[in-house]
Amino acid sequence: MHFNRDADQAVAENQAQRFAAAFLLPANEIRRDLGVKLDIPKLSALKRKWRVSMQAVAYRAHQLGCIDRTRYTSIFQQLSRLGWRKTEPVEVQRESPRAFKRLLRAHIDGGYTHEQLSEMLFVGRERLEELLVDANSPDWQDTGVRMRIAR
């Protein structure tokens, strides 16, 4: 988001976090799920549904004013005490960008080289190869919130 190297890094980081939270957990939809009492078991369930970390859900809840600073701090203290700040116990299968893979495949079929695509996307050749694998097959099928195209 910030290609200007003169940008204040703290401001840029805050803006990036706010953008990610709004993108992954839209206010109108996540508010319904947050409910009245936000605790560790509820965060765990919301992690499964929304496919983001429990910490991200807590951050968004605080950002939206659904929990106060005291509750937010308490949640993070509990996560720290449990040793879940770096590795949370609930595993969520990663989503695979099928439409993006098909778009990459169309570019390859249209004559772009792997090197050209790697350069345009700012990814290494190895990562590009990972993205191109099984471009037409779904990688996950369990329930949860899925991204959708808004027109």
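Biologist: At the start of α1, which residue's backbone nitrogen does a side-chain oxygen of Asp8 reach?

Modeller: This is a predicted model, in which local features need pLDDT of at least 70, side-chain atom pairs count only at pLDDT 80 or more, and totals for chains, interfaces and linings use all residues. Residues are numbered from 1 along each chain as its sequence is written, and side-chain values use heavy atoms, with hydrogens and water left out. The side-chain oxygen of Asp8 comes to within 3.0 Å of a backbone nitrogen at the start of α1. That nitrogen belongs to Ala10.

Biologist: How far does helix α1 reach from its first C-alpha to its last?

Modeller: Helices are DSSP runs of H or I, at least four residues, numbered from the N terminus. Helix α1 covers residues 9-24, which is 16 residues. The expected span is 1.5 Å times one less than the number of residues. The reach of α1 is close to the expected 22 Å, at 22 Å.

Biologist: Which residues of α4 make the contact with α1?

Modeller: Contact means heavy atoms within 4.5 Å. From α1 come Gln17, Arg18, Ala21 and Ala22. The α4 residues are Tyr59, Arg60 and Gln63.

Biologist: How are α6 and α7 oriented to each other?

Modeller: The axes of α6 (residues 98-109) and α7 (residues 114-121) come within 10 Å and cross at roughly 135°. The two helices are therefore oblique.

Biologist: Which residues of α8 make the contact with α7?

Modeller: The axes of α7 and α8 (residues 125-132) come within 9 Å and cross at roughly 105°. That makes α7 roughly perpendicular to α8. On the α8 side, the contact is made by Arg125, Leu128, Glu129 and Leu132.

Conventions
Axes are lines fitted to C-alpha atoms, for helices over the stretch in contact, and angles run from 0 to 180 degrees between N-to-C directions. Angles under 35 degrees count as roughly parallel, over 145 as roughly antiparallel, 65 to 115 as roughly perpendicular and the rest as oblique. A polar contact is a pair of N or O atoms within 3.5 Å; within protein, one must be able to donate a hydrogen and the other to accept it, and residues adjacent in sequence count only if both atoms are side-chain atoms.
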